Amino acid sequence: MVSSSKNPQEVSLDAFDRAILAALVEDGRMTNAALAARVGLAESTCAYRVRALRESGVISSISARIDLAAIGRPIQAVVQVHLSSHSRVHIDELFDRLVEIPGALSVVHVAGDNDFHLHLAVASPERLRDLILEHITSHPAVTKTETQLVFEVRRGAGALGPL
């Protein structure tokens, strides 16, 4: 059962907690009754555990998966960004700028040859070019970008499996 700690790094999950999380990852709209039946708990116990998972920070939000083509953003790309300066100010400033780009699906600050990886969904190649020019290469610390088009995305196994 979830510990009472507010720091998710300190939370201990049992088999029921993991089953609840797996079910909610699959369908976050599942009712408590359906969730309880699926994981083999009483409804009140299940509701208590979900509340404890939220309060502990393990469940930070539940969101919808969107068909990007259906909303007019059929083109996905990963843009790798290389910086000339690694000052905390430049990194924080650029990170804040990147997450605000229209169509930014995720932004990851990484170690290695590049400093950021940005996953974008856009309407057209022209829009992709414009976003890169307007929001990324215009930053004074950016020296280079490399863009890869995404052909297909598949969900991974997730973080709930064995380590």
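**Ground rules.** I worked on a predicted model, in which local features need pLDDT of at least 70 and side-chain atom pairs count only at pLDDT 80 or more, while totals for chains, interfaces and linings use all residues. I numbered residues from 1 along each chain as its sequence is written, and side-chain values use heavy atoms, with hydrogens and water left out.

**Helix packing.** I took helices (H or I, at least four residues) and strands (E, at least two) as DSSP runs, numbered from the N terminus. I looked up helix α1 (residues 15–26) against helix α2 (residues 32–39) and found an angle of about 130 degrees, with the axes 10 Å apart. That makes α1 oblique to α2, since angles under 35 degrees count as roughly parallel, over 145 as roughly antiparallel, 65 to 115 as roughly perpendicular and the rest as oblique. Axes are lines fitted to C-alpha atoms, for helices over the stretch in contact, and angles run from 0 to 180 degrees between N-to-C directions.

I then listed the contacts (heavy atoms within 4.5 Å). On the α1 side I noted F16, A19, I20, A23, L24 and E26, which meet L35, R38 and V39 in α2. The residues of this contact divide into 7 nonpolar, no polar and 2 charged. Here Ala, Val, Leu, Ile, Met, Phe, Trp, Tyr, Cys and Pro count as nonpolar, Asp, Glu, Lys and Arg as charged, and the others, Gly among them, as polar.

**Aromatic pair.** How many aromatic pairs does the count come to? I got 1 aromatic pair, with rings of Phe, Tyr and Trp (its six-membered ring) pairing if their centres lie within 6.5 Å, and planes under 30 degrees apart counted as stacked, over 60 as edge-to-face and the rest as tilted. F95 and F116 form an edge-to-face pair, 5.1 Å centre to centre with 75 degrees between the planes. F95 is in helix α4 (residues 88–99) and F116 in strand β3 (residues 116–122), 21 residues apart, so the pair links distant parts of the chain.

I checked accessibility next (buried is under 20% relative accessible area, exposed over 50%, partly exposed in between; 1.4 Å probe, protein chains only). F95 is partly exposed at 25%, and F116 is buried at 0%.

**Single residues.** I placed A15 in helix α1, where A15 counts as exposed at 63% relative accessibility. I found H139 in the loop between α5 (125–136) and β4 (142–150); H139 is buried, with a relative accessible area of 1%. Leaving aside neighbours within four places in sequence, H139 is in contact with H90, E93, L94 and R97.
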